[in-house]
Amino acid sequence: MSETNHRTRRLLAATAAALALLLTACGGGGGDADHSGTADRSGGNSGRQDGFPAPADGATGQGTDERRDFTQEDDEARPAEDLLSTFALDVDTASYGYARRTLADGGTPDPATIRPEEFVNSFRQDYDRPDGDGFSITVDGARTGDDDWSLVRVGLATRTAGPVGERPPAALTFVVDISGSMAEPGRLDLARRALGTMTDRLRADDSVALVAFSDEAETVLPMTRLGDRRARVHDAIDSLEPTDSTDLGAGVRTGYATAVEGLREGATNRVVLISDALANTGDTDADRILDRVEDARRTHGITLFGVGVGSDYGDALMERLADRGDGHTTYVSDDADADRVFSEELPRHVDLTARDAKAQVAFDPRTVDTFRLIGYDNRRVADEDFRDDRVDGGEVGPGHTVTALYAVRTRPGATGHLATATVRWLDPATRAPHEAAGPLETDALHEDLTAAPARFQVAATAAYFAEALRGDPAEGRPLPDTPTLDGLAATARTLARRTEDPQVRDLADTIDLARRT
């Protein structure tokens, strides 16, 4: 079939679906390129003095997921593109980590560095896990104190990360910034300690290479199977010392070249970039840097994991590099963060369970008036590209959860189907596409936020906090029923006691810091 005919058939299918909805219900609101409905632009108040609204009895529930393989018929029966929201999955957490560090140092985070989805995804969720690769889907929601406004949570989870011995071997190329700015305490010294600890945690059949860069880049250690060579790796790590300026582009190019030279079939090949991302010489544009290693990324499937360090941190550059490099970012500010990332998370999560993963949420125009996706501003995907596997999505490994929160305004008195969330991904080995879907009905909405599960409330608290730090609301509208920072701090402290989660306790402490700035 020609491309023109294929597009025509898709357009006819979408038109038919739209007519069917219009014939069976009143007309719905629209969706636009900024992933919020356009039927209404109002909603939200200026800030509740207390935390979430008082508990009330009410119906509870969540969507279920349906797993299936993708078939050509799916492309011929797409929903009307009115209330659609499509985005690439993202497991980055660097924005929250950097905001914590800035507030702890007595500063105020730059609103441009605040990405609400990275605040939300910094906290554990209790979603059901699938048995194999791919995703489970949880779709639930809670009404707010603003008339007809609810928060809807779309939760995706991959299988539990198994013991380190059960994953494929890893071939990791560490690209370490040794420029002068890395001499600050908590930068290169932290990286050396973390890499040394991780070297001892990796398996004997894993491989490690080491690239260092300042005003130029060099391969300090070629790809080396650990086995009985750990001492050689430790010596290479200990030799790293800060020197001159930062040519991050040279470091990335040399890192990828070293990864390709040491490529291992059947292993997870990954570049791990450790830097404050304060590039000041050479190529400093993320797109140009990644364009030069495009073949290594696409042909060999080498992904990029960015680890940010330092009180001054090039957040935008590191985040863009990770997005273009089919990877994700995190930020470490102290030894505890470094131990968590390098000693626990990275050794367990070097495997991949899904490539080019995207989510699409279809809101029902019979029940939904307007909506807003909270965050994911630079991960939005055109609705028509959801099933175009040439369009980049997100790479996700085992043990991860991805949460997207929506502010949704329902039509007054509307009942029935509210939304269906679908996730699409490619098998990491075969590149075969798969999908899973989960629906949500209006009668499954919790009556208020305090009646929702504790982990839902944690996600909402993180999102409200991010919006408070951003200042001007995204898309010109505050979130519905927005609490004050005092209210958020009280809610976070309550949730910390309920969950007994130290990370939620840290969230409460971080909100307290923001209140005092």
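Reader: How do the residues lining the largest pocket divide into nonpolar, polar and charged?
Author: The lining has 8 nonpolar, 13 polar and 12 charged residues. Here Ala, Val, Leu, Ile, Met, Phe, Trp, Tyr, Cys and Pro count as nonpolar, Asp, Glu, Lys and Arg as charged, and the others, Gly among them, as polar. This is a predicted model: local features need pLDDT of at least 70, side-chain atom pairs count only at pLDDT 80 or more, and totals for chains, interfaces and linings use all residues. Residues are numbered from 1 along each chain as its sequence is written, and side-chain values use heavy atoms, leaving out hydrogens and water.

Reader: Which element gives the most to that lining?
Author: Helix α11, with 8 residues. Helices are DSSP runs of H or I, at least four residues; strands are runs of E, at least two; both are numbered from the N terminus.

Reader: New topic. Where is Thr-422 found?
Author: In strand β15, residues 417–426.

Reader: Buried or exposed?
Author: Thr-422 is buried, because its relative accessible area is 14%. Buried means under 20%, exposed over 50%, partly exposed in between, with a 1.4 Å probe and protein chains only.

Reader: What does Thr-422 touch?
Author: Leaving out residues up to four places away in sequence, its contacts include Ile-137, Phe-386 and Glu-435. Contact means heavy atoms within 4.5 Å.

Reader: And the whole protein, how much counts as buried?
Author: 58% of the 517 residues. The protein has 14 helices and 16 strands.
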